[in-house]
Amino acid sequence: MYFLYMEKKMISKKMASALNAHLNFEFYSSYIYVSMASHAHHIGLKGFANWFNVQVQEELVHVQRIYNYILNQGEKVVLDAIEKPRNKFDSPLALFEITLEHERQVTARINKLAGLARKENDHATSTMLQWFVTEQVEEESAAVDIIQQLKLVGNSGNGLFLIDKELGARTFVPPTPPN
Ligand code: FEO
């Protein structure tokens, strides 16, 4: 038995492999935020938990976008093992400091991918990655804002209560266009 299918490879092997690696890293992003959501819930910060759960959904959208792109370019998505995320955090502030550090890593990876696409004169991939470039500005900015608020309230229980309430109001908004 054999399958007849039309080859439609339109990006380089190197680009496909780099995108696959990034898709796996986005899965890892969702994984660490599940861990943070669980930690926050466990220590009674259900608003923080909500914020991280919304973040998980956003990361899965990032995965889906790259997944669709790789397939539409005639390549195959290859999944890798996901690294174990940390599950101990020193403080509510640490959750967001680690988030910011992680998002900066994601930004660096996106920039590297964009550099490769430019080098290969791969305009389709460059265009696809533009969405991620903009998204990363928002991702980092959101983490910085929350870190600033947490630093302002310090050890105040009331302040933390108010921030928890605010983070509890975050809702997942599916991006447009959807992919
Ligand atoms: Fe998918 Fe938070 O970067």
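Mentor: Start with the accessibility classes. Buried means under 20% relative accessible area, exposed means over 50%, and partly exposed lies in between. One caution: this is a predicted model.

Trainee: Why is arginine 104 called partly exposed?

Mentor: The relative accessible area of arginine 104 is 48%.

Trainee: What makes arginine 104 and glutamate 140 a salt bridge?

Mentor: Their side chains meet at 3.8 Å, N to O. The limit is 4 Å, from a side-chain nitrogen of Lys or Arg to a carboxyl oxygen of Asp or Glu. The pair therefore qualifies as a salt bridge. Arginine 104 sits in helix 3 and glutamate 140 in helix 4, 36 residues apart, and the pair links distant parts of the chain.

Trainee: How many salt bridges does a search of the whole structure find?

Mentor: It finds 3. One of them joins lysine 13 to glutamate 75, with the closest N and O atoms 3.2 Å apart. Here too the link is between distant parts of the chain: lysine 13 is in helix 1, glutamate 75 is in the loop between helix 2 and helix 3, and 62 residues separate them.

Trainee: Is lysine 13 buried or exposed? And what about glutamate 75, buried or exposed?

Mentor: Lysine 13 has a relative accessible area of 56%, so it is exposed. Glutamate 75 has 10%, so it is buried. The cut-offs are over 50% for exposed and under 20% for buried.

Trainee: How do you know that glutamate 58 and arginine 170 form a salt bridge?

Mentor: The N to O distance is 3.6 Å, and the limit is 4 Å. Glutamate 58 lies in helix 2 and arginine 170 in the segment after helix 5, 112 residues apart. Glutamate 58 is buried, because its relative accessible area is 17%.

Trainee: Why is helix 2 called roughly antiparallel to helix 4?

Mentor: Their axes come within 11 Å and cross at roughly 170 degrees. Angles over 145 count as roughly antiparallel. That is why helix 2 is roughly antiparallel to helix 4. Among the residues making the contact are Trp51, Glu58 and Ile66 of helix 2, and Met128, Phe132 and Ile146 of helix 4. By class, the contact has 11 nonpolar, 3 polar and 5 charged residues.

Trainee: Why does isoleucine 66 count as buried?

Mentor: Its relative accessibility is 1%, and buried means under 20%. Isoleucine 66 is in helix 2. Leaving aside neighbours within four places in sequence, isoleucine 66 is in contact with Leu19, His22, Leu23, Glu26 and Phe132.

Trainee: What makes histidine 39 count as buried?

Mentor: The relative accessibility of histidine 39 is 16%, so it counts as buried. Histidine 39 lies in helix 1. Not counting residues up to four places away in sequence, histidine 39 touches Asn87, Phe89 and Leu95.

Trainee: How does the reach of helix 1 compare with what is expected at 1.5 Å a residue?

Mentor: Helix 1 has 30 residues and reaches 44 Å from its first C-alpha to its last. That is close to the 44 Å expected. Helix 1 is followed by glycine 44, with a positive phi near 90 degrees.

Trainee: Last one. Why is threonine 171 called exposed?

Mentor: Its relative accessible area is 58%, and exposed means over 50%. Threonine 171 is therefore exposed. It is placed in the segment after helix 5.

Conventions: Residues are numbered from 1 along each chain as its sequence is written. This is a predicted model: local features need pLDDT of at least 70, side-chain atom pairs count only at pLDDT 80 or more; totals for chains, interfaces and linings use all residues. Side-chain values use heavy atoms; hydrogens and water are left out. Helices (H or I, at least four residues) and strands (E, at least two) are DSSP runs, numbered from the N terminus. Buried means under 20% relative accessible area, exposed over 50%, partly exposed in between (1.4 Å probe, protein chains only). Contact means heavy atoms within 4.5 Å. Axes are lines fitted to C-alpha atoms, for helices over the stretch in contact, and angles run from 0 to 180 degrees between N-to-C directions. Angles under 35 degrees count as roughly parallel, over 145 as roughly antiparallel, 65 to 115 as roughly perpendicular and the rest as oblique. Ala, Val, Leu, Ile, Met, Phe, Trp, Tyr, Cys and Pro count as nonpolar, Asp, Glu, Lys and Arg as charged, and the others, Gly among them, as polar. The expected span of a helix is 1.5 Å times one less than its number of residues.
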